[in-house]
Amino acid sequence: MVPIGHYLFLSAALLGIGIVGVVTRRNVIIILMSVELILNAVNINLVAFSRLVGSVEGHIFAIFIITDAAAEAAVGLGIIIAFFRNRETVLGDEMDILKW
Amino acid sequence: MPSEYFLAHIWLIPLFPLIGAALMLLIGRRLPNSAVSAICVGSVGLAMIYGFGAVLQLIMRPVAQRLVEVVLFDWVPAGAMHMTSGQLVNFNAQWGMLLDPLSAVMLCVVTGVGFLIHVYSIGYMGHEGGYYRFFGYLNLFMFSMLVLILGNNLLLLFVGWEGVGLCSYLLIGFYFLRKSASDAGKKAFIVNRIGDAGFILGLFLLVGTLGTLRFTEVGPAITAGGFAVGDGVMTAIAILLFVGATGKSAQIPLYVWLPDAMEGPTPVSALIHAATMVTAGVYMVTRMNAVFQLAPLAMAIVATIGAATSIFAASMGLVQNDIKRVLAYSTVSQLGYMFLALGVGAFTAGIFHLMTHAFFKALLFLGSGSVIHAMSGEQDMRKMGALWSKIPTTARTFFIATLAISGIPPLAGFVSKDAILGAAFDARPTLWVIGFITAGMTAFYMFRLVNMTFFGQSRVPHDVEHHIHESPASMTVPLMILAFLSIVGGWIGWPASLGGSDPFSRFLEPVIARPEASAASEAAGYGKDYALMAASVVIALFGIWLARRFYLEHSEIPERLAERFSGLYQLLYNKYYVDQIYYAMFVNRTKDLATGLGAFDRNVIDGLGVNGAGWATRAISQVSMWWDSWIVDGLVNLTARIAWVLSIPVRMLQSGRVASYALFIVIGVMVGLAYYLHVSGVTLHSVLH
């Protein structure tokens, strides 16, 4: 079998890349994609541990997360499109009207 | 009726007129004149009956028991007090009545003459407004006077003293709508008050020294105190009490109110300012003779002032033209005689003259009232004359009184005045000379009055002449009774030198602490007495002759004398300018003080005080406003500003940039994760291996 450490390392790497992407990127669509990356990293982690333990709960939870990610992506894109129709921009730096 | 009924009920005597006065106060306005007369004159009549009855019953007692005291209640039970000698004594002033020979004489005079004057007033005041008010005041006066003479202690005497002063004010100012009348009333009361200040000081000193004011206890207290003749405290007390007497009995320097008091109705002048109130001073000094006899200096002062007053007032009476003014100055002069008598130790002679003077002076005043009534209100003698046949009863009774006051024997005035002059000659011959001259002046000015009024040419204006009529019986009957008393009243004190037994002096002897040694003069024979009597009759006749010459035969002489000696005449006519001097010295100074105090009140108290307080309040309110707007509001604003300053960094967090929000989320998660892992004991080392 593949040792559990490899899965964990992969998941951690994906998590890190996703976090960096959320924090660093200007384009909000890229931020959304990074969020997806984080969610998927979590999924890999869950499935790997579920295989190790031999139960099926991790798999079930991963499917919930996938569903949830899909809904979230839909809603998020809807907000971005609504904002774009108003302000003609997809850059996070320029979305600062809710401020003091 | 038991034989001591009137003696046991002497407390009723002042009560009768008091009830009359009270009724007048409450319902007098609604009563008809006849009811007012019945109540008020009746009350005095009852007082007179009870008074005479009490005196009769007193006389029926043996000499040693002629002292009746009826105590009604404790009035000022002040309790324990320290006298000036340090001794502790129980002070008690009661409301009690005392009847002894002295108050018996006063009682007869006051109630008898008072009753006659009340009857006279029915006719005299019958057509005047305020009839009930007049009689109410008159009854109140009778109450006060009776309390004065019947009181058993000096405090009660003082109550009556003040009461008669009040009634004098009310009655002098009876026609209060006339400014001169109300001014005269005020003058009387204020001048009286000045005397009363001395009286009160004397009372205090007396209480401190003897511990009692009760007449029956003063004598024993003096004996127990062992005071020497000429003792300083006794002298001070005597002088202070005499100051009160000068005010009430119109002696120098407080006589100025009496002439002005003629503004009141004539019965008032007769009752108050001739027969009763002005004699209160004489009564008081006689009552306190135990004190005075221990103070020769005070007696000297009393005698000197009495003599000086008598000649001083007589000189002013020589030139007055108002019939009542002449009588007023005559009263002051005769009161001077009474005090002269008291001052030389002849207390019984002074009281004797008080009694006879009451008779003929009341008659003179009532007679003058009758004349004024006949003359339709005219009082100036220069407009009278030849009234003898027109108002016969008035004229004849008036003439009898004039003879009496001039000292013509055997009328009342001769006996009493001669008793005084005889005593004065023995004690202080200088004062006898003054009294002698005054007797001549008295005869002169009284007959001047009679000649100008009743005899000679008629100077009556035509319109008045028609109305001249004799007065009604209610007025003439009292005149006749008083004329009778003026003739026979002196006979009760007929001296031994003329064959009498002088029952009057013997009656009063128990009241005098140290009776004069009359035995010595009796043993020496009556030669001196006859000489003195002859001298006084001669000078009286001289005065009458002079008055006849000046005012009947050669009526141009007075005018020529007035022109030749115009300075002296003006001095006398203007009453030595004493009123003006008093005005400048005292009244104007008091007014200046009042003005000064008024200015002080306006500028300092109102200006500094009241307005200043207002200004200060406004200034303080300004400070408070500054405090409120700068400090208090400033603190509030400061708090808000601090909150604002503290919020700046927090505000910066909300940049609106979603990316920064995302960063904070990530940092937060990491911190939480690290904490959680740390708490669970997981370290980097354990993960890596």
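**Figure 1. The loop of chain B that holds Tyr576(B).** In this predicted model, Tyr576(B) is placed in the loop that joins α26 (566–573) to α27 (578–653) of chain B. The phi angle of Tyr576(B) is near 60 degrees, a positive value in a residue that is not glycine. Tyr576(B) counts as partly exposed because 13 C-beta neighbours lie inside 10 Å.

**Figure 2. The loop of chain B that holds Ala386(B).** Ala386(B) belongs to the loop between α16 and α17 of chain B. Here too phi is positive in a residue other than glycine, with a value near 55 degrees for Ala386(B). Because Ala386(B) has 14 C-beta neighbours inside 10 Å, it counts as partly exposed.

**Figure 3. Two cis peptide bonds in loops of chain B.** The bond from Ile252(B) to Pro253(B) is cis, and its omega is near 0 degrees. Pro253(B) sits in the loop that runs between α9 (232–248) and α10 (257–260) of chain B. The bond from Pro409(B) to Pro410(B) is also cis, with omega near -5 degrees. Pro410(B) is found in the loop between α17 (392–406) and α18 of chain B.

**Figure 4. Helix α18 of chain B.** This helix covers residues 412–427 of chain B, 16 residues in total. From the first C-alpha to the last, α18(B) reaches 23 Å, close to the 22 Å expected at 1.5 Å a residue. Of the 16 residues of α18(B), 14 are buried, so the helix is largely enclosed by the rest of the structure.

**Figure 5. Packing of helices α4 and α16 of chain B.** Two packed helices are described by the angle between their axes and the distance between the axes. The axes of α4 (residues 101–124) and α16 (residues 347–374) of chain B come within 10 Å and cross at roughly 5 degrees. An angle under 35 degrees counts as roughly parallel, and α4(B) and α16(B) are therefore roughly parallel to each other. Residues of α4(B) in the contact include Val105(B), Val109(B) and Tyr120(B), while those of α16(B) include Met355(B), Ala362(B) and His373(B). By class, this contact of α4(B) with α16(B) comprises 12 nonpolar and 2 polar residues, with no charged ones.

**Figure 6. The contact between chains A and B.** Chain B contributes 10 residues to the contact, and chain A contributes 11 residues. On the side of chain B that touches chain A, the largest share, 5 residues, comes from helix α28 (residues 658–679) of chain B. The residues on that side of chain B divide into 5 nonpolar, 3 polar and 2 charged.

How values were computed:
Residues are numbered from 1 along each chain as its sequence is written. Chains are lettered from A and ligands numbered from 1 in the order in which they are written. This is a predicted model: local features need pLDDT of at least 70, side-chain atom pairs count only at pLDDT 80 or more; totals for chains, interfaces and linings use all residues. Two residues are in contact if their C-beta atoms, placed from the backbone, lie within 7 Å. Helices (H or I, at least four residues) and strands (E, at least two) are DSSP runs, numbered from the N terminus. Ala, Val, Leu, Ile, Met, Phe, Trp, Tyr, Cys and Pro count as nonpolar, Asp, Glu, Lys and Arg as charged, and the others, Gly among them, as polar. The expected span of a helix is 1.5 Å times one less than its number of residues. A residue is buried if 20 or more other C-beta atoms lie within 10 Å of its own, exposed if 12 or fewer, and partly exposed in between; C-beta atoms are placed from the backbone. Axes are lines fitted to C-alpha atoms, for helices over the stretch in contact, and angles run from 0 to 180 degrees between N-to-C directions. Angles under 35 degrees count as roughly parallel, over 145 as roughly antiparallel, 65 to 115 as roughly perpendicular and the rest as oblique.
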